[in-house]
Amino acid sequence: MDNREDEQERGITMKSSAIALYHQFGGGEYLVNLIDSPGHIDFSSEVSTAVRLCDGALVVVDAVEGVCPQTHTVLNQAWGEGIKPCLLINKIDRLILELKQSPLEAYYHLQQVLEQVNAVMGMLHTSKVVEAANRREMFQPPANKPDQSSDQDEDEKAELDCEDDASVYFTPESGNVMFASALDGWGFSIGHFSDMYGKKLGINAEVLRKTLWGNYFLNTKTKRVCKGAQEKGKKPLFVQFVLENIWSVYDAVVTNRDLIRLTR
């Protein structure tokens, strides 16, 4: 969507631009208005304006670079406007062609990127709970006794522990994380592969959706999904069913250009 000449020359988005996309899903018809806002820190004002106009946000993170300062800013702006963002880890192709990582190495790298993003979300959530507790304390009479002060501190800690933060974090099994290569024009979520392999292997698709990302592996003898892939030296399901297939495609198409494998 970078249609300005200076944007194309510099290879970055400098001005927000919008496009309407027609989409069919579940028998319904939808019109999605998408606003592409700059990712460079010099154009943060464009992001602030776009966030106020949107009902949701798709935060794009480079699979190689990981979390950058502007990632903090964008997530903070979305949080401040009450928008629940989805995470798109882009440029997976760079892990294959530039870093030359194996599927297993790429999996652990993607885990680290996801943990970095969730660390930012965790800080935002904690600051929200603490701020709410401080506001309540302003309207309460001051504690005169040491026992009352300690009780308030314990109440704040208990509130932070009890606060439901499951929906705050990005988890592939919940459907709010996607993996893509915009340059090569492909992307997917866990749901795409869980539905496909559920039919192929005769395993409940919902079970695969919850276990395709994480420390799980497939027992080939019993055809059951088991926990403890790392401890038992097994390939995680995400590596076996997703990444290895993507790596094979790139090996046949880009790296070795194997025409025989392509014709198959």
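A: Let's go to the loop between strand 4 (85–90) and helix 4 (92–97), which is where Lys91 sits. Bear in mind that this is a predicted model. The thing to look at is the backbone: phi of Lys91 is near 65°, a positive value in a residue that isn't glycine. Most residues other than glycine have a negative phi.

Lys223 isn't a glycine either, and has a positive phi of about 55°. This one is in the loop between strand 7 (216–219) and strand 8 (224–227). Lys223 counts as exposed, at 57% relative accessibility.

Now for the wider setting. The protein has 10 helices and eight strands. Of its 264 residues, 34% are buried, and the accessible surface comes to about 16600 Å², with 52% of that belonging to carbon and sulfur atoms. If you take the contacts with a separation of 6 or more, 57% of them are between residues 24 or more positions apart.

Helix 2 (residues 44–53) gives you a look at the buried part. Here Ser44, Glu46, Val47, Ser48, Ala50 and Val51 are buried. What do they pack against? The buried residues of helix 2 pack against strand 2 (28–36) and helix 3 (69–80).

Two packed helices are described by the angle between their axes and the distance between the axes. Helix 5 (residues 103–138) packs with helix 9 (residues 237–255) at an angle of about 115°, and their axes are 9 Å apart. That angle makes helix 5 roughly perpendicular to helix 9. The crossing of these two, helix 5 and helix 9, is right-handed.

Zoom in on the side that helix 5 brings to this contact and you'll find Pro103, Leu104, Ala106, Tyr107 and Leu110. Helix 9 meets them with Phe238, Val239, Leu243, Glu244 and Trp247. Sorted by type, the residues in the contact of helix 5 with helix 9 come out as nine nonpolar, no polar and one charged.

Methods:
Residues numbered from 1 in each chain as written. Predicted model: local features only at pLDDT ≥ 70, side-chain atom pairs only at ≥ 80, totals over all residues. Heavy atoms only, no water. Axes fitted to C-alpha atoms, helices over the stretch in contact; angles between N-to-C directions. Helix = DSSP H or I, 4+ residues; strand = E, 2+ residues; numbered from the N terminus. Parallel < 35°, antiparallel > 145°, perpendicular 65-115°, else oblique. Left-handed = near helix turned anticlockwise from the far one by under 90°. Contact = heavy atoms within 4.5 Å. Nonpolar A, V, L, I, M, F, W, Y, C, P; charged D, E, K, R; others polar. Buried < 20%, exposed > 50% of the residue type's maximum accessible area, 1.4 Å probe, protein only. Areas by Shrake-Rupley, 256 points an atom, 1.4 Å probe, with all protein chains shown as cover.
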